[in-house]
Amino acid sequence: MMQMIEKTKLQKNAGRVLSFIKNYLVLVSIVSLVMITIIVEPKFLTQPNLINIIRQFGPLAFFSLGMTFVIICGFIDLSIPGIISLVVIVTYSLIEPLGQYAAIAAGILVGIIAGYINSRLIISCGALTNAEALFITFGMSTVYGAIALIIAAGKTGHLSWIEKDTSAFSFIAQGGFGDFLSFSFLLFILCLVILYIFQSKTFLGNTIFLTGGNKTAARLSGINTFKSIQTVFIISGLMSAIGAVVLLSRITTASPVVGRNYDTNAILAVVVGGTRLTGGQGSVLRTVLGVLLITLMSNCLDLLGVSPFMQTMLRGLILVIVIWIDYRNQGGKQ
Amino acid sequence: MNIQNNLKIASRLIIKQKTIIAVVIILVVMIFTGSGFYTTFNIMELLKSAAVLEILAFGVTLTIICGGTDLSIGSSMCLSGIVAIILMDIIPMWLAILAGIASGAAVGFINGFFVVHQKTEPFIITLGTGILIKGLCQQLTDAKPISPSNTSFVTISNGLVFGVVPNIIIVTIVLMVIFYCILRFTSFGRNCYAIGGDYGVAKYSGIDVIRIKWLTFVFSGLTAAIGGIMLSLLLNTGSSIYGDNTPLLVFCSAVVGGTSFAGGIGGIPQTAIGILLFSLLDNSMNSLLISPYVQMLTKGIVIVLIIWFDCYARKRKREAV
């Protein structure tokens, strides 16, 4: 009798552990990755490396935060490479005539406007499915990227070539309190808190989830779906712009093709974090975990001395496995 | 009243055949510019530049019609060329080329396993396999371009038929006819349309949905490999940087041509016209000496406009019902 009770208890606990692992697959993979690295290469825990990780936790985190809302709303925004390049070029070329602060403000405004244009295009033609929005934003990415190339005349600029004051950019890149609380990290935390409150506590934030879950049902129950679509694309444009300014400060080079490949990386970070591409569920906190996994992965693999080509392979492999297991679990539930 | 009716019919026709109209407009405009557009050499170059993308697009059209997406074609394209060139040192050239094509089919098979058998999201899983294979290509070549040891390799695609037409165009046309027949006249092709139209209905009417959808992924991997080998043949090099932007461009062209992304609508001729439109835009703007950045802008605007009109027409239809 006692044995049986103990057995069921054990099973219960095991079941609980299993379901925890299933729900927080990213967390488990992050922890196991860190453990393996610590055992093989104790250098991982030294202060310079930890600072390094926080520094690497840069622009991609901003882009992914914006992308999260678009994906929750049931769309995909492929326009962020174009927006990033455009914002970087606009900011860089406006430092001379307007001064640095006005240039940063103008860059962020450009991002918001780009997001607004995307949303207007999508709403006006009634693109309700993922694929339609995907191709409109892909086309717009080409348009923004081309405008960036035309403004820059295809040339790459450098912050140190500008004769005016560029201290704000070096502050964004290096300033902050102490080694760990760098300015860009604090900015990221600020964005995260604001977006989390927006997502969980405001009405507009909730309508985004409902719109993503079922657009027709949301519209028929009186939710202004157009407004939520508009909001997600503006947030995505805004976060791309902020990320682009951080990116410009960090690499101090203004290249008109700098945004390339950030779209797929941001989508991967969001999806690996556990936000479903079908829309209607997800969270910015999950995205942070996804970005953390991708950042830690490159750091750990660097420490372990894996060649960059092998790293690309492993990145693809781990992503496929994580997504596969995630979908298997979800499929089992349904 | 009559005029109004005629206008309505005309506008419907324009919306339906917008890609063909765009192609015709470009062709007519090019008559009057007096540039070197209408020369045999230029027309052959135009078709040659379109050929690789056309080959890729034929397989992808099957996947799209069946309701799937395959973003790994860019990487399969690199892999096939690299595999063929590396193996050429060990085994005869024709076997090496076959091995390259088989590698693409294998990638398609793996994609099909994840997407169709395990029912994951095609968009994200093929993105993942694409990254994986790109890494494999970099590992195989050390991220350097490699060239084949066999000199007859390059003559396969650059050789001329009748003294004018390059072999690659013949290959493209043959593949086009084959895929057109597959989609049009085989039960496999008809079932693809049924599955793309409604997966559930197709399943309950007794179609083996998993096998057929899986096969479409194998086909898209296969054509990606053929396209990749053709590209390596043209340039006489295999490199891991091919195809970075190709998947989205190919998909866009297919959609612009009139293949619906929701699945169930479309065909090989439509896709071919879509790809031709973009190659034509590239070529005509080049012969007008327009700067490459403005070309990129024009291409982006064309993509957005055509897809916008497509969606808008569908929205009007929805509201009318």
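Which residues in H2(B) meet which residues in H13(B)? Let me start there. This is a predicted model, so every value I give is computed from predicted coordinates.

On the H2(B) side, the residues are Thr19(B), Ile20(B), Ala22(B), Val23(B), Ile26(B) and Met30(B). They meet Ile273(B), Gly274(B), Leu276(B), Leu277(B), Leu280(B), Leu281(B) and Ser284(B) in H13(B). By class, that contact has ten nonpolar residues, three polar and no charged.

Now the geometry. Two packed helices are described by the angle between their axes and the distance between the axes. H2 of chain B covers residues 18-33, and H13 of chain B covers residues 268-287. Their axes come within 10 Å and cross at roughly 25°. Angles under 35 degrees count as roughly parallel, so H2(B) is roughly parallel to H13(B). The crossing is left-handed.

Next pair, also in chain B. How are H9(B) and H11(B) set to each other, roughly parallel or roughly perpendicular? H9 of chain B runs over residues 187-197, and H11 of chain B over residues 209-235. Their axes are 10 Å apart, and the packing angle is about 100°. The range 65 to 115 counts as roughly perpendicular, and therefore H9(B) and H11(B) are roughly perpendicular to each other.

Who makes that contact? From H9(B), we have Phe188(B), Asn191(B), Cys192(B) and Ile195(B). From H11(B), we have Val209(B), Ile212(B), Lys213(B), Leu215(B) and Thr216(B). The class count is six nonpolar, two polar and one charged.

Let's move to two loop residues. Most residues other than glycine have a negative phi. Lys119(B) has a positive value, near 55°. Lys119(B) sits in the loop between H5, residues 93-117, and H6 of chain B. Is Lys119(B) buried or partly exposed? Lys119(B) has 13 C-beta neighbours inside 10 Å, so Lys119(B) counts as partly exposed.

The second residue is Asn236(B). Its phi is also positive, about 60°, and Asn236(B) is not a glycine. Asn236(B) is in the loop between H11 and H12 of chain B. With 16 C-beta neighbours inside 10 Å, Asn236(B) counts as partly exposed.

Last, chain A as a whole. Its secondary structure comes to 15 helices and four strands. The C-alpha atoms of chain A fill a box of roughly 85 × 55 × 35 Å, taken along the principal axes. What about the radius of gyration? With 334 residues, a compact globule would have a value near 20 Å, and chain A has 22 Å, which agrees.

Of those 334 residues, 47% count as buried. Then there are the contacts between residues at least 6 apart in the sequence of chain A. Of these, 79% join residues at least 24 apart.

Conventions: Residues numbered from 1 in each chain as written. Chains lettered and ligands numbered in written order. Predicted model: local features only at pLDDT ≥ 70, side-chain atom pairs only at ≥ 80, totals over all residues. Rg over C-alpha atoms; globule rule 2.2 N^0.38 Å. Buried ≥ 20, exposed ≤ 12 C-beta atoms within 10 Å, placed from the backbone. Contact = placed C-beta atoms within 7 Å. Axes fitted to C-alpha atoms, helices over the stretch in contact; angles between N-to-C directions. Parallel < 35°, antiparallel > 145°, perpendicular 65-115°, else oblique. Left-handed = near helix turned anticlockwise from the far one by under 90°. Nonpolar A, V, L, I, M, F, W, Y, C, P; charged D, E, K, R; others polar.
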